[in-house]
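Student: I have a model open and want to learn to read its features. Can you take me through them step by step?

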Amino acid sequence: MKAIGYHSTGSVDVLQDIELPKPAPGPHDLLVEIRAISVNPVDAKIRAGGGPGSQGGTAKIPGWDAAGVVVAVGTEVKLFTPGDEVYYAGALNRSGCDCEFHLVDERLVGRKPTNIDFANAAALPLTTITAWEMLFDRLKISIGKPAGAGSILIIGGAGGVGSIATQLARRLTGLTVIATASRPETQSWCRDMGAHHVIDHRQPIAAQVKAIIPGGVDYVLALTRTESHFDQIIEAFAPQGALALIESPATLLDINKLKPKSISLHWEFMFTRSLFQTADMGEQGKILNKVASLVDAGVIRSTMNVNLGSINSANIKRAHVMAESGTAIGKVVLAGF
């Protein structure tokens, strides 16, 4: 089968088109024929040496966002049958999905939304699970629209996670949603995603937030460059707020600064459940099924913004460069071999 991989970590130039044997499913696996993939910053970080990667011998295959069709199932599979259209992010400690046929544990898989194509579906899984877990598992925000629900600040609203987090917060909760973006095109994108207000993170954040909500925000999703914004985030908070992070800040954060306002800190890493085979690992498949229903109902839209065309090393290199730039809007997708 065709695949895109590398034998040693490094720049995008290590990525190459390779041929591998078609894999066979284990007891709980689906064998999925890949129709579309999306590239995330984690792909570029691992390829560059920031995570598990092969240093020789068997090629490392990146990719943790896919949509495709089930072609075979393992002996213990109960949720899917061949012919099912699916989408998923997969597991970091298994081979990635930048290949024609891919193995994934059925518990991590959702049924693809029926009213969008494979490319639009592939844009959703990793960032959607991340955003959902941040909002509803880590911060314990309630789904529903009660009066006085509070407010949330999303740092980096035009990125992949920010784009879907904005939609989930706006459509499923009663929170006032403030997103940050610094360019006219990213500000417009955030409004399209549903943000009530958009502020510029290149300017002091706290003053802009308090011009909207004088008492400060109740929740913050810190999605990018947290170390640069940390003091402003704290100032922008209401007392007893909750802060959620997805990145590893470039410099250590002084968490003692959170104490005066009793701000709680929550980490989100969407691969935790699969890495540790947690008892609730199947929640990720359930999340994707819930979101598929929301997409089909027109409540949530795909965050695909760029389709680079066929799945090959040249186009995946382009996607990695875009992911590393930190300026991409929404999600970058490739479709078809």
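This is a predicted model: local features need pLDDT of at least 70, side-chain atom pairs count only at pLDDT 80 or more; totals for chains, interfaces and linings use all residues.

Student: How do I describe two packed helices?

Tutor: Two packed helices are described by the angle between their axes and the distance between the axes. Take α3, residues 125-138, and α9, residues 283-296. Their axes come within 10 Å and cross at roughly 100°. That makes α3 roughly perpendicular to α9, because angles of 65 to 115 degrees count as such.

Student: Which residues of α3 and α9 make the contact?

Tutor: From α3, they are Pro 125, Thr 128, Ile 129, Trp 132 and Glu 133. From α9, they are Gln 284, Ile 287, Leu 288, Lys 290, Val 291 and Leu 294. By class, the contact has 7 nonpolar, 2 polar and 2 charged residues.

Student: How many residues of α3 are buried?

Tutor: 12 of its 14 residues are buried, and α3 is mostly covered. Among the buried ones are Pro 125, Thr 128, Ile 129, Trp 132 and Glu 133. Leu 126, Ala 131, Met 134 and Leu 135 are also on the buried list. Just after α3, Lys 140 takes a positive phi of about 60°.

Student: Now the aromatic rings. How many aromatic pairs does a search of the whole structure find?

Tutor: The search finds 2. One is Trp 132 with Phe 136, at 4.8 Å centre to centre and 70° between the planes. That pair is edge-to-face. Both residues lie in α3, 4 residues apart, about one turn of the helix. Trp 132 and Phe 136 are both buried.

Student: Why is the pair of Phe 269 and Phe 271 called edge-to-face?

Tutor: Look at the planes. They stand at 70°, so the pair is edge-to-face; the cut-off is over 60 degrees. The ring centres are 5.6 Å apart. Now check the cover on each residue. Phe 269 counts as partly exposed, at 38% relative accessibility. Phe 271 counts as buried, at 2%.

Student: Next, the sheet. In what order do the 6 strands of the open sheet run?

Tutor: Read across it: β10-β9-β8-β11-β12-β13. The pairing is parallel. The edges are β10 (197-199) and β13 (264-267). Each has a single partner strand, so one side of each is left without a neighbour in the sheet. Neighbouring strands are turned by 20° against each other on average, direction ignored.

Student: How many bridges join β8 to β11?

Tutor: There are 4, between β8 (residues 151-155) and β11 (residues 217-222). These two strands run parallel.

Student: How do I read single residues? Is Gly 68 buried or exposed?

Tutor: Start with the accessible area, then list the contacts. Gly 68 is buried, with a relative accessible area of 0%. Gly 68 sits in strand β4, residues 66-73. Leaving aside neighbours within four places in sequence, Gly 68 is in contact with Val 32, Glu 33, Ile 34, Arg 35, Asp 84, Glu 85, Val 86 and Phe 118. For a distance across the model, Gly 68 and His 201 are 37 Å apart, C-alpha to C-alpha. In sequence they are 133 residues apart.

Student: And where does Asn 120 lie?

Tutor: Asn 120 is in helix α2, residues 118-122. At 18% relative accessibility, Asn 120 counts as buried, because the cut-off is under 20%. Not counting residues up to four places away in sequence, Asn 120 touches Ser 302 and Met 304.

Student: Last, phi. Where are Arg 225 and Gln 277 found?

Tutor: Both are in loops. Arg 225 lies between β11 and α7. Its phi is near 50°, a positive value in a residue other than glycine. Arg 225 counts as exposed, at 52% relative accessibility. Gln 277 lies between α8 (272-275) and α9. Phi of Gln 277 is near 50°, also positive. Gln 277 is partly exposed, with a relative accessible area of 47%.

Definitions and conventions
Residues are numbered from 1 along each chain as its sequence is written. Side-chain values use heavy atoms; hydrogens and water are left out. Axes are lines fitted to C-alpha atoms, for helices over the stretch in contact, and angles run from 0 to 180 degrees between N-to-C directions. Angles under 35 degrees count as roughly parallel, over 145 as roughly antiparallel, 65 to 115 as roughly perpendicular and the rest as oblique. Contact means heavy atoms within 4.5 Å. Ala, Val, Leu, Ile, Met, Phe, Trp, Tyr, Cys and Pro count as nonpolar, Asp, Glu, Lys and Arg as charged, and the others, Gly among them, as polar. Two strands pair if DSSP finds at least two bridges between them. Rings of Phe, Tyr and Trp (its six-membered ring) pair if their centres lie within 6.5 Å; planes under 30 degrees apart count as stacked, over 60 as edge-to-face and the rest as tilted. Buried means under 20% relative accessible area, exposed over 50%, partly exposed in between (1.4 Å probe, protein chains only).
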